[in-house]
Amino acid sequence: MDIRQLKYFVGVVEAGSFTKAAALLHVAQSALSLHVRHLEETFGTQLLVRDRNGVSVTASGDKLLERARIILKEIRLTEMELTNTVAAPSGEVTIGIPSGAARVLSGPLLESVRNELPRISLKMIEGMTGPLEEWMAAGRFNLAVLYRTAENVGQMTVLAREEFCLVVPPSEPPFEDSIPLADLHAFPLAVPMRNNNVRRSVADVVAQHGCVLDVRFEVDSLSTIINMVMEGKAYSILTPSAIQKEASQGQIRTVKIIDPVITRSVVLAINPKDDRSSAVSAVRKLIPKVVKTLIESKQWSATAPDRP
């Protein structure tokens, strides 16, 4: 027995005759008869009674008809669900985003998901990069926006590249547009904790060039660090995206770090077990488009990655 035989059997019963069923199903009448006969041989019982008025079902045929309709309905529903999953994915997708990137990306991403993927519920978790890295490794997220050096991207999708800057309290030196890395030692800093990827990115470059930093405060809260700078209690080293709002309002200033410039890559990571999820895949494809739009519209002070 196969699905086609069930379909033909139901078609004959509903049409009332082999002749009408053949026309409706676009199958030769002889082929229909052969398939129904094979069913009867499989079950060892007569399913249809053939007479000059058409066909009627036996008691056994009536039982098979009931079951066959259920089976064929389930197959149709399954086909529809699988097709709709690809065309209009649905479900919950959890993504982790660092606090800095979240300040420019969260709102536009949520809006894009709502407009383009209305059947997906996006659960966004914001935090400092250290905990986010640990949670991603533990499998708590489907996707995560993370920070990497240019040499440590691996197979992850590069979304953007950012340059670090010295974040300066209003009306405080330096007043130039840029400052050499070697001169940063003169400014008391509030920076993230040592397990933070931002901190490691800066520390590695500083160490390579034999420089020192005056780290006075280690704080695992971006908002607290920004407030400390605004209040004149410390300086910091961050990327423009993290303080874009405050800088535009004149509450803090940014000074570009040079000799050398310190850069990092903003990447998108996926949990390997979710690689085949249509919902996760849809959000994964949408995020680079949102980031590209933000960069091109100058809403994200970063550069787009080089693409083939």
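Contact here means heavy atoms within 4.5 Å. The model is predicted, so local features need pLDDT of at least 70, side-chain atom pairs count only at pLDDT 80 or more, and totals for chains, interfaces and linings use all residues. Residues are numbered from 1 along each chain as its sequence is written, and side-chain values use heavy atoms, with hydrogens and water left out. Helices (H or I, at least four residues) and strands (E, at least two) are DSSP runs, numbered from the N terminus.

Start with helices α2 and α3. Phe18, Thr19, Ala21, Ala22 and Leu25 of α2 touch Gln29, Leu32, Ser33 and Val36 of α3. By class, this contact has 6 nonpolar, 3 polar and no charged residues. Nonpolar covers Ala, Val, Leu, Ile, Met, Phe, Trp, Tyr, Cys and Pro; charged covers Asp, Glu, Lys and Arg; the others, Gly among them, are polar. The axes of α2 (residues 18-25) and α3 (residues 29-43) come within 9 Å and cross at roughly 110°. Axes are lines fitted to C-alpha atoms, for helices over the stretch in contact, and angles run from 0 to 180 degrees between N-to-C directions. The two helices are therefore roughly perpendicular. Angles under 35 degrees count as roughly parallel, over 145 as roughly antiparallel, 65 to 115 as roughly perpendicular and the rest as oblique.

His26 lies in the loop between α2 and α3. Its phi is positive, near 60°, though His26 is not a glycine. Most residues other than glycine have a negative phi. His26 counts as exposed, at 73% relative accessibility. Buried means under 20% relative accessible area, exposed over 50%, and partly exposed in between (1.4 Å probe, protein chains only).

Now turn to α5 (residues 99-116) and α10 (residues 278-296). Their axes are 10 Å apart and the packing angle is about 125°. That makes α5 oblique to α10. The residues in contact include Leu105 and Leu109 of α5 and Ile287 and Val291 of α10. This contact divides into 10 nonpolar, 1 polar and 1 charged.

Ser278 is also in α10. Ser278 is partly exposed, at 24% relative accessibility. Ser278 and Ser90 are 188 residues apart in sequence, yet 7.9 Å apart in space, C-alpha to C-alpha. After α10 comes a segment that holds Lys298. Lys298 has a positive phi of about 65°.

Two cis peptide bonds remain to be pointed out. One joins Pro173 and Pro174, with omega about 0°. Pro174 sits in the loop between β7 (165-168) and β8 (178-180). Another runs from Asp259 to Pro260, with omega near 5°.
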